[in-house]
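The sequence and the structure come first, and the description follows.

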Amino acid sequence: MNTFLVTGASGYIASWIVRYLLEEGHEVHGTVRDPGRKEKVGHLLEMKAAYPGNLSLFKADLLDKESFREAMTGCDIVIHTASPFIINKIKDPYSQLVQPAVQGTTHVLGLVNEFPGITRVVLTSSVAAIHGDAADVELTGDGSFTEEHWNTSSSLKYNPYQYSKRLAEEAAWEIARAQDHWNLVVINPGLVLGPPLSGASDSASLGIMNDLVGGKYRMGVPDLYFGIVDVRDVARAHIAAALQPAAQGRHICVGDVVPLLEVANLLREDFPSLPLPRKVLPRWLVSAAGPFMGISARFVRRNLGIPYRLDHSKSMQSLGMSYLPMRTTLKDHVVAMKR
Ligand code: NAP
């Protein structure tokens, strides 16, 4: 059994990682920004009570390297998930996204260098570090993104969340390459959906699902494609990446790439009374309404109606991943929301 540091332990994805690690008998040191915020950590406190002595919570902030030292002490594996996932209401993309993502990564991984007992770091990156716009697929030659690709189309001003993930993952590889006592394994999930263990996460995943089932798109959805993956599969991928000695490099972690309308259609099969969209919005309407919804003309041009594939074969071969059916993911997500 190992002792894991899980950063951002109260987060949507991290909460499942912590839960599975505890179920497997591991010890977990979880960092949270504010251990006093009951709504954020209540579910972790329940896990702590269910697995006495195996979960400890520590206060840490990505902008403060030293705040991770106590939590890292005694650990042999680090899973670094903490990073803001916000896509709306971004006023200052540097301080809200890039700074915590990049400094957080350099702080946590830099500190790992001071702990000889740590042999592996698993980083939660994203497919956002692999591609920005759907139109980036033109650069692949065969319509399919792989772990070889890097997002070159995002910037501080355009798709800043995607930019923050690319910069953070690059920083992680740079730190990993400069030493030889631990190795880095990266998980690159698509849009993560599936049951949240807490309703208090700020993850954009939960916002997207709230909007969809809450009727925001009842008149129609933009013709956008998403690579979707179940949160429980993402958690399992992190644990496999942490424990399989041969694991190395990046891993696209995605079940299927589907248009948003297909997500709505699948949801309707289980929840026929929800105010879900039944059609795709015409391009002219998305272009006209875009400025009011924070969607630029460039985004419309480079994303609407452009299908692409994400090759998840490496995750299946080297991490032994299989992916839950999307209908199960969506159904379980809505059931958890109702609860
Ligand atoms: P989440 O629930 O919002 O988790 C983000 C975590 O980061 C939270 O625990 C949050 O702490 C923590 N955090 C943010 N800023 C921090 C700071 N300054 N100091 C310390 N902690 C901070 O979102 P999530 O979806 O689980 O995302 C987790 C990771 O997965 C992120 O790296 C994200 O980029 C990545 N990812 C997510 C998706 C997705 O679709 N959800 C897809 C690909 C990759 P608080 O609880 O205190 O806010």
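## Terms and basis

Two strands pair if DSSP finds at least two bridges between them. Strands (E, at least two residues) and helices (H or I, at least four) are DSSP runs, numbered from the N terminus.

This is a predicted model, in which local features need pLDDT of at least 70, side-chain atom pairs count only at pLDDT 80 or more, and totals for chains, interfaces and linings use all residues. Residues are numbered from 1 along each chain as its sequence is written, and side-chain values use heavy atoms, with hydrogens and water left out.

## The open sheet and its helices

An open sheet of 3 strands has the order β8-β9-β11, with mixed pairing. Because β8 (191-193) and β11 (256-259) stand at the edges with a single partner strand each, one side of each has no neighbour in the sheet.

Strands β8 and β9 (residues 225-230) are parallel and share 3 bridges; V192 stands opposite V229 in β9. Helix α7 lies across β8 and β9, at about 65° to β9, where contact means heavy atoms within 4.5 Å. Helix α12 (residues 326-338) lies across β8, β9 and β11, at about 60° to β8.

## Nonpolar cores

A nonpolar core is a set of buried Ala, Val, Leu, Ile, Met, Phe, Trp, Tyr and Cys residues joined through side-chain atoms within 4.5 Å. Buried means under 20% relative accessible area, exposed over 50%, and partly exposed in between (1.4 Å probe, protein chains only).

The largest core has 39 residues, of which V6, I17, V18, L21, I79 and L319 touch the most other members. Elements supplying at least two residues each include β1 (3-7), β4 (77-80) and α7 (231-243). Helix α1 gives the most, with 9 residues. A second, separate core of 25 residues includes V78 and V121.

## Strand β5

In strand β5 (residues 120-124), 5 of 5 residues are buried. R120, V122 and T124 lie on one side, and V121 and L123 on the other. Strands β4 and β5 run parallel, joined by 4 bridges, and V122 is the bridge partner of I79.

How values were computed: Axes are lines fitted to C-alpha atoms, for helices over the stretch in contact, and angles run from 0 to 180 degrees between N-to-C directions.
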